[in-house]
Amino acid sequence: MKSKRRIMFILLAVLALVAVAAWMMVIGRGHTVYLDNKTLEDYQGQEYKAYERVVITVKDEKPIKLGKRERGSAIWIGQDFKMTVEITEKKGDEPVVKEVSIKLPYSVDGIVVNLPAYLAGLPEEAWYSEFVPAVTETPDEEPGVGDEFSMGDGLGLEGDLGTGDI
């Protein structure tokens, strides 16, 4: 009887761990959401201009203030990204406040949202892209050549100072 009870407790513990792991996989996924206030040019023959000023509030964090051609970012855990957007379309206009909710893809960490395209109601392919960091390659330098601290730059013992000609 004791062994049956013990096996039951072990199975329940494993089942509980699997349930918690599955739940954390769904709600625990972190995303970096990049918010662009940039003009979307020539989407189906139309241009969607950047706003004069955008103020974005995500959760209780410090507001993100964007001018034209600027990008901000926010960290979000979960799939349902929510923000409050205060939009000033042109200089001198009164700001318009909108509540926005975006369903984030599970498999992507860095998501770029073009705000003028999204707020214009365009389809996802127009406003969504995956953030790909730019890779900067450093040239491989031969050690001791061209380095201001190196000995092999021609000013060492074989240079003008080390010839022994006085």
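User: Let's start with a charge and a ring. Which residue has its charged end over the ring of Trp76?

Analyst: That's Lys59, whose charged end is 4.8 Å from the centre of the Trp76 ring. Keep in mind that this is a predicted model, and every value we discuss is computed from it.

User: Now strand pairing. Which strands does strand 1 pair with, and in which sense?

Analyst: Look at the direction of the two strands and at the bridges that join them. Strand 1 and strand 6 (residues 70-77) run antiparallel and are joined by 8 bridges. Within that pairing, Tyr34 has Ser73 as its bridge partner. With strand 9 the sense is parallel, over 5 bridges, and there Leu35 is partnered by Val113.

User: Why is strand 1 described as largely enclosed?

Analyst: Because 6 of its 8 residues are buried, the rest of the structure largely encloses strand 1. Asn37 belongs to this strand, and its relative accessible area is 0%, so Asn37 is buried.

User: What does the side chain of Asn37 have a polar atom 2.9 Å from?

Analyst: The backbone nitrogen of Tyr51. Setting aside residues up to four places away in sequence, Asn37 touches a list of residues that includes Ala50, Tyr51, Val54, Leu66 and Pro116.

User: Where does Asn114 lie, and how buried is it?

Analyst: Asn114 is in strand 9 (residues 110-114). Its relative accessibility is 10%, so Asn114 counts as buried. A polar atom of the Asn114 side chain is 3.2 Å from the backbone oxygen of Lys38. Beyond neighbours within four places in sequence, Asn114 is in contact with Asp36, Lys38, Leu40 and Trp127.

User: How do I read a pair of aromatic rings?

Analyst: You describe it with two things: how far apart the centres are, and the angle of the planes. There are 4 aromatic pairs in this structure. Take Tyr34 and Phe131: the ring centres are 4.2 Å apart and the planes are at 25 degrees, so this pair is stacked. Planes under 30 degrees apart count as stacked. The pair also links distant parts of the chain, since Tyr34 is in strand 1 (residues 30-37) and Phe131 is in the segment after strand 10 (128-130), 97 residues apart.

User: What about a hairpin? Which residue between strand 2 and strand 3 takes a positive phi?

Analyst: Gln44, with phi near 50 degrees, in a hairpin that has 2 residues between the strands. Strand 2 (residues 40-43) and strand 3 (residues 46-48) pair in the antiparallel sense, over 2 bridges. Across from Tyr43 stands Gln46 in strand 3.

User: Last one: is Lys103 buried or exposed?

Analyst: Its relative accessibility is 58%, so Lys103 counts as exposed. Lys103 is in strand 8 (residues 96-103). Not counting residues up to four places away in sequence, Lys103 touches Gln79 and Asp80. With Asp80 there is a side-chain to side-chain polar contact at 3.5 Å.

Notes. Residues are numbered from 1 along each chain as its sequence is written. This is a predicted model: local features need pLDDT of at least 70, side-chain atom pairs count only at pLDDT 80 or more; totals for chains, interfaces and linings use all residues. Side-chain values use heavy atoms; hydrogens and water are left out. Rings of Phe, Tyr and Trp (its six-membered ring) pair if their centres lie within 6.5 Å; planes under 30 degrees apart count as stacked, over 60 as edge-to-face and the rest as tilted. Helices (H or I, at least four residues) and strands (E, at least two) are DSSP runs, numbered from the N terminus. A charge sits over a ring if NZ of Lys or CZ of Arg is within 6 Å of the ring centre and within 35 degrees of the ring normal. Buried means under 20% relative accessible area, exposed over 50%, partly exposed in between (1.4 Å probe, protein chains only). A polar contact is a pair of N or O atoms within 3.5 Å; within protein, one must be able to donate a hydrogen and the other to accept it, and residues adjacent in sequence count only if both atoms are side-chain atoms. Contact means heavy atoms within 4.5 Å. Two strands pair if DSSP finds at least two bridges between them.
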